[in-house]
Amino acid sequence: MDFSSLYRSTNGSLPSPNGTFLSNLTGSRLMIRDAHSLQIKRIINLNPDFAQRISFMKWSPQVMNELCVGWNGLSLGKRRSGIDKTEEEGGAPLRLLVADEETIQVYDMKDDKWTATINQGFGGIRNVDFGRNQDEVIVFADYQLKITVWSLVNSKHIEIPNPKFSTNVGYGYRPCTSHFALLCRQSTHDVITVHNHTNYRLASTWTLPTLDAQGLKWAPCGRWIAVWESAALGYKVLIYTSDGHLYRTYDRQCEGLGVKSVEWSPNSDFLTIGSYDGRMVFLSNYTFSPVIEMNHTSTIRLPGVSVWSECLTASRERHYSIVSQPMLLPTFPCHPSEVHQKLGISTIAFNRPDGHLVATKNDSMPTTVWIWSLKLLKPYTVLVHLTPVKSIQWHPTIPDLLMILCTNDDDRGSGVVYLWSSRWKQPRAVVTPIERVSGQFWAKWLYTPKPSNSATASNGTSGSSSTGSLVCDRRSRSPEKECDKKPTIIFGDRDGFAMGYVEDEIADETDIMGPIAEDDGYITEKRAWNPRDWAFSSPSQQQSPTPQSNYSYTINNGLSREGLGSVLEQSSSDNVGKSKKEDDDYRHRRHVSIKS
């Protein structure tokens, strides 16, 4: 990896969502840099007292003129994020806000003379962020007293009382229409309120049958809202339509604690639930019934699955080495007296845009990252590190490029960034040039457009086009093309930051395809996907067969699909009764009224 020079900073650095600018605070000066050349574009002089108290720095969201895809794969129309026509044309201005506990200042990147100052007043600022676009700022007061939505167009504001949480786990904007959904706590009851996207007037509200709801999440298609109960009260997830009708309640018996994490797949095909028992369940968006269950076991016995372990040499060089199976993963000891026990699936990260790879972390095995394949219905690879994993980030435009951060095992050592790609021969452990890293080491992907050049390799058969083809990204080294920039990482500590440029491996077509072997009915390969893997594709790919519902799904390979990557099966007698029930549910679903 190639690195840039080190730049001094006193409060970290933050790249813009579109990868154009880079903001950092140095003393009382707020610097805006070009994200690729790192040249200073603008310097904003702040009040020294205000600069020392800054605790929030946020960019306005990237508003794109994109299509929203429904649960059946049909387009629902273009995203409607507001009434400003510049957003529809893709010309929305980019803005940056900085805030302390009382004051918010907003700056425009196109107009140097434009600025806005917000004094929150009573209640203080617990959290602050932009709203649905660059013209709104949403402020959470202390003690969950209220939410204040400020308009940067007419200086008006609207207050919404009693939010349950002050983070994004308790609110969300509906894709395509930007309706605002908020989880509230009113008179000892959990309540969801949905507000219009322009004036924030109340559109609908309903009371939840929960004792202590822990959050809500919109489906990417905008048709569903998922709400989950507290883990101490059992295993329970509620699925509502966008207008507040309870469509499904998924609950089951569990020993101990229940749900820990919930995540939608990028195309809304699955609602994924991670629990404290180390299991991950995928609910089909047709019936919201479990179709796939994946278990994180402490012992790995999976032929064809590569397990990589981080190694540290005597000269303190880091690298990955392949590990033979069976392998016992390092676990974290848990004591019943601990209040916050390190158990369960805390991280579920889908790659984008297809969502065929899922990276997970089980807190009882904090040094291990699991990368699952929804095409093969089993782990694709397992990465074991020397220290606990801190974060997992997929590249925003390259589907098979993953970055992992771990806690530092030596306060005097350099920061380390771990990278994995399905097209590489082995993962990489990259030591950054930042020395004497403290516990505040961070790293983020810089947004780069999709590569313009691609090489398509067929599977070597003359079958129909339904099997698809293998598309291998080829990023040019030409600096003149915006779409051909290398994948870039910005990393740093509290004292400075730098940028790293990821080098790709040059390999011929046969090396990228990799040797393919059939192992007990599974199709395995070293790095890249093969079109024959589409036997287990996601519901949006119009492939058959696809495990989308509770119908019987038998795999005649002589293997039991229990445990790791199991497909939930049912007896034939159960399918007879449930077939008619699912048909009725489907008819009812087509008549559900969706407000937009």
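**A walk from a hairpin to its aromatic neighbours**

Let's start with a hairpin: strands β13 and β14 form one, with five residues between them. Keep in mind as you look around that this is a predicted model. The two strands, β13 at residues 127-130 and β14 at residues 136-140, run antiparallel and are joined by four bridges.

A pair of aromatic rings is described by how far apart the centres sit and by the angle between the planes. Across the model, the count comes to 20 aromatic pairs. Take Tyr7 and Phe497: their ring centres are 5.6 Å apart and their planes meet at 20°, which is under the 30 degrees cut-off, so this pair counts as stacked. The pair ties together distant parts of the chain, with Tyr7 in strand β2 (residues 7-8) and Phe497 in strand β45 (residues 496-501), 490 residues apart. As for solvent, Tyr7 has a relative accessibility of 22% and so counts as partly exposed, while Phe497 is buried at 1%.

Now back to Phe140. Its ring pairs with that of Tyr171, with 5.3 Å from centre to centre and 40° between the planes, and this pair is tilted. Here too distant parts of the chain are linked: Phe140 belongs to strand β14 and Tyr171 to strand β17 (residues 171-173), 31 residues apart. Phe140 is buried, with a relative accessible area of 2%. Tyr171 has a relative accessibility of 10%, which is under 20%, so Tyr171 counts as buried as well.

Some rings have a charged side chain over the face instead. Arg95 lies over the face of Trp114, 4.0 Å from the ring centre. Lys342 does likewise with Phe332, at 5.8 Å from the ring centre.

Last stop: Asp277, in the loop between β26 (270-275) and β27 (279-284). Asp277 has a relative accessible area of 41%, so it falls in the partly exposed class. Its side chain makes a polar contact with the side chain of Ser275, at 2.2 Å. A polar atom of the Asp277 side chain also lies 3.2 Å from the backbone nitrogen of Arg279. And what sits 67 residues away along the chain, with its C-alpha atom 5.6 Å from that of Asp277? That residue is Gly344.

Key
Residues are numbered from 1 along each chain as its sequence is written. This is a predicted model: local features need pLDDT of at least 70, side-chain atom pairs count only at pLDDT 80 or more; totals for chains, interfaces and linings use all residues. Side-chain values use heavy atoms; hydrogens and water are left out. Buried means under 20% relative accessible area, exposed over 50%, partly exposed in between (1.4 Å probe, protein chains only). A polar contact is a pair of N or O atoms within 3.5 Å; within protein, one must be able to donate a hydrogen and the other to accept it, and residues adjacent in sequence count only if both atoms are side-chain atoms. Two strands pair if DSSP finds at least two bridges between them. Rings of Phe, Tyr and Trp (its six-membered ring) pair if their centres lie within 6.5 Å; planes under 30 degrees apart count as stacked, over 60 as edge-to-face and the rest as tilted. A charge sits over a ring if NZ of Lys or CZ of Arg is within 6 Å of the ring centre and within 35 degrees of the ring normal.
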